[in-house]
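Thanks for coming. Please look at the structure first.

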Amino acid sequence: MCTTCGCGTSAGLGAHGHSHMHHHDHDHAHGHDPVHHHRHSAPDAAAERRIAVEEALFAKNDRLAAGNRARLQRCGIAAFNLVSSPGAGKTSLLVRTLEDLGAAAPMAVIEGDQATDLDARRIQTTGTPVVQVNTGSGCHLDAEMIDGALDRLDLGGPWGPGVLFIENVGNLVCPAAFDLGEAAKVVVVSVTEGDDKPLKYPDMFAAAGLMVVTKTDLLAHVPASLDRLIANAVRVNPALEALAVSVQSGAGLAAWYDWIDVRRRGALPDRAETRRAEPAVHA
Ligand SMILES: Nc1nc2c(ncn2[C@@H]2O[C@H](COP(=O)(O)OP(=O)(O)OP(=O)(O)O)[C@@H](O)[C@H]2O)c(=O)[nH]1
Ligand SMILES: [Mg+2]
């Protein structure tokens, strides 16, 4: 995760998104050599200071994420944090989803990328409100960035209450460590990546509530097995739900839309009121 890859959190980023934190100061504790496991000597003062800074940054992120979550709940917005390796198909899935569901429910998107607004432009073609966040050298979105993006979206405006999709930076490692205040992380994995990915990148699959397997139209052309992919993911996270879709053919999308709709209805403010009232009734 980021504390070891050194990409930094927003607190470590300058005005232009460049990290002023430590840069890739790997100290060979990452199991590169399967036989000779290196052992650290006792942490020096600098390392202890770094650990303290990292703990403070994560504590700050969690605090801001809790604020985002409360704000979204108040507005009746179900927020989903889409995470995947680069090119798995997040934007394609979102564009198709917004085209198919945009009229049925108010929706908005926060687009996270290191550079460019290419994905935001693709979302814009659907007429959906979208805010671009560029992370510069950072490889993940954090709660502070989402707090700022929510300010730029008109939460009480014509599109809420409804659904907010957050497309994270393409990266199957670091975004797992950052709560943004979402209702659920949705890990998107394409069949072209191979069915071993949940085992190799377990943190992301452990953090997700739903796995969407994409590009199933290509299954005939790649050695990956859909059953093995799902079995590997469930081994890492027994509570993980799984869906298989092809944006190309439309196969499986109805189940994805149902998954969204159940959570959208659950987030509506009147339901939220009911939930909040419950503890008082039983007290
Ligand atoms: N065959 C096939 N191709 C797909 C499908 N979904 C996406 N693609 C293709 O996969 C490529 C990457 O898709 P994107 O939607 O840009 O992926 P992404 O996850 O948003 O990429 P980043 O934002 O860069 O991480 C594009 O060429 C898409 O056309 C699918 O269901 N089937
Ligand atoms: Mg994208």
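Let me start on the outward side of helix H9, where Ala 254, Asp 258 and Val 262 are exposed. Exposed means over 50% relative accessible area, buried means under 20%, and partly exposed is in between, with a 1.4 Å probe and protein chains only. Helices (H or I, at least four residues) and strands (E, at least two) are DSSP runs, numbered from the N terminus.

Before I go on, this is a predicted model, where local features need pLDDT of at least 70 and side-chain atom pairs count only at pLDDT 80 or more, while totals for chains, interfaces and linings use all residues. Residues are numbered from 1 along each chain as its sequence is written, chains are lettered from A and ligands numbered from 1 in the order in which they are written, and side-chain values use heavy atoms, leaving out hydrogens and water.

Back to H9. Which of its residues are buried? They are Leu 253, Trp 256, Tyr 257, Trp 259, Ile 260 and Arg 264. These residues cover an arc of only 155 degrees around the axis, so they are on the same side of H9. The arc is that of the directions from the helix axis to the C-beta atoms. In general, an α-helix has 3.6 residues a turn, so residues three or four places apart point the same way.

What covers the buried residues of H9? The cover includes helix H3 and the strands E1, E4, E5, E6 and E7. Contact here means heavy atoms within 4.5 Å.

Now H3 itself. The axes of H3 (residues 90-101) and H9 (residues 253-266) come within 11 Å and cross at roughly 75 degrees. Axes are lines fitted to C-alpha atoms, for helices over the stretch in contact, and angles run from 0 to 180 degrees between N-to-C directions. H3 and H9 are therefore roughly perpendicular to each other; that label covers 65 to 115 degrees, with under 35 roughly parallel, over 145 roughly antiparallel and the rest oblique. From H3, the contact is made by Leu 93, Arg 96, Thr 97, Asp 100 and Leu 101, and from H9 by Leu 253, Trp 256, Tyr 257 and Ile 260. The buried residues of H3 include Leu 93, Thr 97 and Leu 101.

Next, the loops. Pro 175 is in the loop between E4 and E5. Is Pro 175 buried or exposed? At 0% relative accessibility, Pro 175 counts as buried. Leaving out residues up to four places away in sequence, Pro 175 touches Val 83, Cys 139, His 140, Asn 168, Val 169, Lys 185 and Met 204.

His 221 lies in the loop between E6 and H8. At 64% relative accessibility, His 221 counts as exposed.

Two residues have a backbone angle to look at. Thr 116, in the loop between E2 and H4, has a positive phi of about 75 degrees although it is not a glycine. Lys 215, in the loop between E6 and H8, has a positive phi of about 60 degrees and is not a glycine either. Most residues other than glycine have a negative phi. Thr 116 is partly exposed, at 41% relative accessible area, and Lys 215 is partly exposed at 26%.

Last, the whole chain. The chain has 10 helices and seven strands, and buried residues make up 47% of its 283 residues.
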